[in-house]
Amino acid sequence: RSDTLITDAQNIFDDLNNIGKINLVCCNAHARRKFEPIAKAVKTDGLAKHAMRIYRKLYKIEREVKNERNRQELSEEKFYQLRHKTRQEKSKPIMQEFKIWLDKNHPEILPKSPLGKAFFYAIKHWEGLTKFLGDGRLSIDNNHTEQQIKPVVIARKNFLFCKSINGAKAVCNHMSLIRTAVEHGLDPYRYRLEILGKVPACQTLADYEKLLTLEYRA
């Protein structure tokens, strides 16, 4: 099975797609955001508002599945099975109707307008936007990742003064360790100290992989 990466549709990921070993899945939150400002700006019930209603239905289904997982205390595997089954029964028909609606209305919209660009984005990347339907392990978007990198984005102006490329790479490595620790419920400070203390003694890939199993809880 190829590795899967949920991304926006920037062309920087095209090379990964050409490799053939990476299964690129498009983020539906990015497609949704193309319609959102238009829907907020217009008072009439237009096309953008209709697109937003469709996405609300999809995200409601996602929330319901997560709530059901918590209610039943499902294992990870059972949750993935339930999410796949629910998406096939409920989300897939919605996406199919959405595609028909996009194709029907797209020719009537000015291509360079914000709405035209929103339609074009969704149609162009439709295959990637629908991949989540076929695999319960996949999220509908990559919002979780964006939340994890938000501290880095907020602090990025500070990174302008790393003085060198190697310095910038070192900062990235440290931030990666910190966010990894937070994601797994570890004490970032203690985890980072332990990792840095053991790295000099690593000789093989297996030695480095063992560091990933360290568990210093907050």
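A charge sits over a ring if NZ of Lys or CZ of Arg is within 6 Å of the ring centre and within 35 degrees of the ring normal. K34 does this over the face of Y121, at 4.8 Å from the ring centre. The charged end of R69 lies over the ring of F79, 4.4 Å from its centre.

Some notes on the source. This is a predicted model, where local features need pLDDT of at least 70, side-chain atom pairs count only at pLDDT 80 or more, and totals for chains, interfaces and linings use all residues. Residues are numbered from 1 along each chain as its sequence is written, and side-chain values use heavy atoms, with hydrogens and water left out.

Now the ring pairs. Rings of Phe, Tyr and Trp (its six-membered ring) pair if their centres lie within 6.5 Å; planes under 30 degrees apart are stacked, over 60 edge-to-face, and the rest tilted. That rule gives six aromatic pairs. F79 and Y80 have ring centres 5.8 Å apart and planes at 45°, so this pair is tilted. F79 has 4% relative accessibility, so F79 counts as buried (under 20% relative accessible area; exposed is over 50%, partly exposed in between; 1.4 Å probe, protein chains only). F98 and W126 pair edge-to-face, with 5.7 Å between centres and 70° between planes. Both F98 and W126 are buried. Which residues do ring pairs link into a cluster? They are F35, Y55, F98, W101, F119 and W126.
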